[in-house]
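This report goes through selected local features of one protein model. The sequence and the structure come first, and the notes follow.

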Amino acid sequence: MTRLRPTRRDFLKASAATTAVTTPYFYSQPRTLADETASANSRIPIGVIGSGGMAGGNMKAAKDWLDVVAICDADSDRAAKFNESHSGGKAKVYTDYHDILADDSIPLIHVATPDHWHTKPLIEAMLAGKDVYCEKPLTLTIDEGKQIRKVQKETGRIVQVGTQQRSTFNLFVKAMAIVAEGRLGKIKRLECGIGGAPSSPSIPVADVPANLDWDRWLGPAPETDYRFLSTGKGRPNTNCHYEFRWWYQYSGGKLTDWGAHHVDIANWALKLNGQTAGPTGISGSADHPVEFADGVPQQDDRYNTATKFEFTVSYPDGAEMVIRSNSRNGVLIEGEKGRIFVSRRNLDGAPVDALKENPLADDTIAKVYKNLPMERNERQAHWANFLHCHREGLEPISDVHSHMQMLNICHLAGISARLGRDLKWDDSAEQIVGDDEANAMLARPYREGYEIQMG
């Protein structure tokens, strides 16, 4: 099928007049990824670790290019349904993902597990010679990020993080291009509105479903009882599927769930604007649905991540980044020359309006996107970027190093929230200054039998 291929200038002129969601197509090569994987022989096999909703959405986005040939999940029902939906029932299903990593015919791995299960299979996949698309947030702790970056540098593997806003060309990438051209001037303040988190009633201990290997689902996390409470409508309250987000044992709550998206955009803006120095500290407060002592929740029968919060991240040049639960979802970027707001629905502000008369330079968006091909938009574009970088041996748009620069901020906010105090940060050493108790929270022990296999 022949596609019309507008130039970058055509897109920039058209998009300057509207912020509606459209799908730009940019091509820096004569053939697209879809062209190159048009035949069955050129499609790429992939193994999927964790077969819940995120994996399903991702494989739907990448179905033009990939064949799911292997699946691993601690929930056999989920694995079976995923197999039928995305492989026609033809994929091999495993309970141990190491069986997938041992298969030399599988070059790609998709890690879409709960957050506490991201780091271990990602590192082991890189060591097994695989390229990986891993869901965000990449880690549960700051020290896990150090391990991932070290192994990625040593192995040279291609790792794309699932922060697909970096491939939303008409909104987030366009906003970054406005910043990169200096149209906001020096950035003084950023605000990330990421919403609050739910609380729950007491959730009783329940029988583990026959289809769920609870010990394997817990993996590196501490051993605990399975809990489940049907609400009668919507999702049930549990410490397992989906709701794991609201337990510090498995996640960082909204601070790492949506924070991994919007703080990423805010940090990207600072770096593109030449404000490369890392943060010096964080201050603020948070409300929790349970009591804490020494950073540890004192109840184990209900959600425990922060429900409301406001934190201010300080930078050495006087800039500040505010992370809030009670403001409009999106990222506000305020500079000396102007301000813009960008979200998954809108891009607005006087510098955006000014594009009608003074459009961005032809190559600005291309430079922001690391001069990589731009095919499709949003999640599909993010997968196209990963597959192009896998083929060419290039760094993807959402690499592990830039991801951890911003995720460290989210983790610091979580530590500050749990301890109830401000923190000073040494960005070069990646250490909290003068607070041994807080520094002890940069890492968490892995449960015996679930340590990272480094060889």
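## The loop with P137

P137 lies in the loop between β5 (131-134) and α7 (142-155). Helices here are DSSP runs of H or I with at least four residues, strands are runs of E with at least two, and both are numbered from the N terminus. The peptide bond that joins K136 and P137 is cis, with omega about -15°. Most peptide bonds are trans.

## Basis and confidence

This is a predicted model, in which local features need pLDDT of at least 70 and side-chain atom pairs count only at pLDDT 80 or more, while totals for chains, interfaces and linings use all residues. Residues are numbered from 1 along each chain as its sequence is written, and side-chain values use heavy atoms, with hydrogens and water left out.

The average pLDDT (the predictor's confidence in each residue, from 0 to 100) of the protein is 92. A score of at least 70 is reached by 91% of the residues. Over residues 1-31, pLDDT stays under 50. For residues 1-31 the model has 64 contacts beyond four places in sequence, a contact meaning heavy atoms within 4.5 Å.

## Positive phi in two loops

Most residues other than glycine have a negative phi. Y242, in the loop between β9 (237-238) and α10 (254-257), has a positive phi near 60°. Its relative accessibility is 32%, so Y242 counts as partly exposed. On this scale buried means under 20% relative accessible area, exposed means over 50%, and partly exposed lies in between (1.4 Å probe, protein chains only).

N371 is not a glycine either, and its phi is positive at about 55°. N371 is found in the loop between α13 (364-368) and α14 (378-392). N371 is exposed because its relative accessible area is 54%.

## Helix α11

How many of the 14 residues of α11 are buried? The count is 12, and the helix is mostly covered. Among the buried residues are H261, H262, I265, A266, W268, A269 and L270.

The 14 residues of α11 should span 20 Å at 1.5 Å a residue, and this agrees with its end C-alpha atoms, which are 19 Å apart. The expected span is 1.5 Å times one less than the number of residues. Just after α11, G274 has a positive phi of about 80°.

## Where α11 meets α15

Helix α11 (residues 259-272) packs with helix α15 (residues 400-419) at an angle of about 120°, and their axes are 9 Å apart. The axes are lines fitted to C-alpha atoms over the stretch in contact, and angles run from 0 to 180 degrees between N-to-C directions. From α11, the contact involves G259, A260, V263, D264, N267 and K271. From α15, it involves S402, Q405, M406, I409 and C410.

Is E334 buried or exposed? E334 counts as buried because its relative accessibility is 19%. E334 sits in strand β15 (residues 330-335). Apart from neighbours within four places in sequence, E334 contacts K186, I187, K188, R189 and R339.

E291 counts as exposed because its relative accessibility is 60%. E291 is in the loop between β10 (281-287) and β11 (292-293). Beyond its neighbours within four places in sequence, E291 touches V296, P297, Q298 and Q299. The C-alpha atoms of E291 and R418 are separated by 9.5 Å, although these residues are 127 residues apart along the chain.
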